[in-house]
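I opened my notebook to record what I looked up in this structure, one topic at a time. The sequence and the model come before my entries.

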Amino acid sequence: MANKANVAVLGGGSFGTVIANLIGSKGEAVNLWMRNAERAEAINSTRENSRYLPGRKLSDSLYATSDLSLAVADADIIFVSIPSQSFREVIRQAKRFIRPEQIVVSTTKGIEANTFSLMSQILMDELPENPIGVISGPNLAKEIVQQQLTATVIASEDERVRSAVQEILHCAYFRTYASTDMYGVELGGTLKNIYAIASGLSAALGMGENTKSMLMTRSLAEMSRFAVQLGANPMTFLGLAGVGDLIVTCSSPLSRNYRVGFALGEGKSLEDAVTSLGEVAEGVNTLRYVKEKADEMEIYMPLVSGLYEVVFNGAPVSQVAKMMMLNTQSSDVEFILPRDDS
Ligand SMILES: NC(=O)C1=CN([C@@H]2O[C@H](COP(=O)(O)OP(=O)(O)OC[C@H]3O[C@@H](n4cnc5c(N)ncnc54)[C@H](OP(=O)(O)O)[C@@H]3O)[C@@H](O)[C@H]2O)C=CC1
Ligand SMILES: O=C(CO)COP(=O)(O)O
């Protein structure tokens, strides 16, 4: 039976299902929209998303549907968990069913091809009257479904969005912290995917803990530098959506981006690494778009440039790493000692 649900989640992959299930587990009626009608029916009859979360029993309050109009009809909040390359297309399909008072929240960590838009910018373009927000943080879907203690960030300039999302997601194993820096929070979640690929690569090559720590910390320096040039607040990168998400994604084999890097480090081709995942790894496209943007804006991003050479031009990691290590010495925290003064 269809839910008269206060919440809709668009996207029946790993994260969409997990967010819908978390809300459902609180006893809230939630509709999970997916494009595949057979899969939706199977979820309703078996209480399992066998494609993305095999073996995990889903809440009885979750109703899966391939009917977009029905999914969003009664929702106060609509979460959108669709990979970045299809995000605008899905919002365009949905927008005729969405009313201006409905809150729309992206969970997607990626950049649109050609426009360099983040998902909040797509939401503002397509749904200019709706209150919008983004959630981002160290949020591995496969840990949330096991009810591992987890926190995320809801970022929105609209206080009503922040408090509605905090309330709907709050439970004994999930906390939601608030921010007004939507762009910074989103950029944090998006950029760290690049460095997760680099971390997976370095792990596969047997690099030590010193190397991993250097890589993560210099990644944070590089992503903050880029974000500041694009107008985000660097302080956001000290929070869950910056350093928090960077740590989890650069450390865990549950991260798909880390796994792509690991597979590359084992000698697999990029195509094999991506297809064997069977899920989205946003970092591959993000690397491409950020490299272009950094070149265009002349932003110094040696890790992005080096990784780009390895991933897309087959450069040997040892050669790229040596070049970086022998590069001109620089400052540690450039907000204290500017790079040019070091
Ligand atoms: N998984 C995680 O741990 C986390 C993921 N995220 C972010 O959430 C976003 C979604 O990721 P996730 O759910 O993990 O990805 P998955 O690869 O697990 O699933 C993607 C989902 O999107 C659907 N989809 C893709 N294109 C379309 C389309 N054109 N129309 C309708 N549905 C479409 C797929 O449908 P189909 O199965 O039919 O192909 C699938 O249900 C990503 O940006 C990711 O970075 C954020 C935090 C954590
Ligand atoms: O964003 C994530 C964890 O916060 C999920 O990372 P992956 O997309 O690399 O699996």
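**Entry 1, ground rules.** I note that this is a predicted model, in which local features need pLDDT of at least 70 and side-chain atom pairs count only at pLDDT 80 or more, while totals for chains, interfaces and linings use all residues. Residues are numbered from 1 along each chain as its sequence is written, and chains are lettered from A and ligands numbered from 1 in the order in which they are written.

I found 26 residues of domain 1 in contact with 25 residues of domain 2, where contact means that the C-beta atoms, placed from the backbone, lie within 7 Å. On the side of domain 1 that touches domain 2, the largest share, 4 residues, comes from β7. The residues of that side divide into 13 nonpolar, 10 polar and 3 charged, with Ala, Val, Leu, Ile, Met, Phe, Trp, Tyr, Cys and Pro counted as nonpolar, Asp, Glu, Lys and Arg as charged, and the others, Gly among them, as polar.

Helices (H or I, at least four residues) and strands (E, at least two) are DSSP runs, numbered from the N terminus. From strand β5 (residues 103–106), I103 and V105 point one way and V104 and S106 the other way, and all are buried. A residue is buried if 20 or more other C-beta atoms lie within 10 Å of its own, exposed if 12 or fewer, and partly exposed in between, with C-beta atoms placed from the backbone.

Which strands pair with β5? Strand β4 (residues 77–80) pairs with β5 in the parallel sense over 4 bridges, and strand β6 (residues 132–136) runs parallel to β5 and is joined to it by 3 bridges; pairing requires that DSSP finds at least two bridges between two strands. In β6, I132 is the bridge partner of V104. β5, helix α5 (residues 119–126) and β6 make a right-handed β-α-β unit, a term meaning that, with the strands pointing away from the viewer, the path from the first strand over the helix to the second runs clockwise.

I checked UniProt, where an unreviewed entry places the feature "binding site" at K109, R256 and N257. These residues span 149 residues in sequence, yet no two of their C-alpha atoms are more than 12.5 Å apart, so they gather at one spot. UniProt positions are given in the numbering used here, feature names are shortened, and annotations may be inferred rather than shown by experiment.

R256 has its place in helix α11 (residues 256–265), and R256 is buried, because 26 other C-beta atoms are within 10 Å. N257 also lies in helix α11 and counts as buried, with 27 C-beta neighbours inside 10 Å. Leaving aside neighbours within four places in sequence, R256 is in contact with L277, E279, V280 and A281.

Phi of N114 is near 70°, a positive value in a residue other than glycine. N114 lies in the loop between β5 and α5 and counts as exposed, with 7 C-beta neighbours inside 10 Å. For Q147, phi is near 65°, again positive in a residue other than glycine. Q147 lies in the loop between α6 and β7, and its 13 C-beta neighbours inside 10 Å make Q147 partly exposed.

How values were computed
Contact = placed C-beta atoms within 7 Å.
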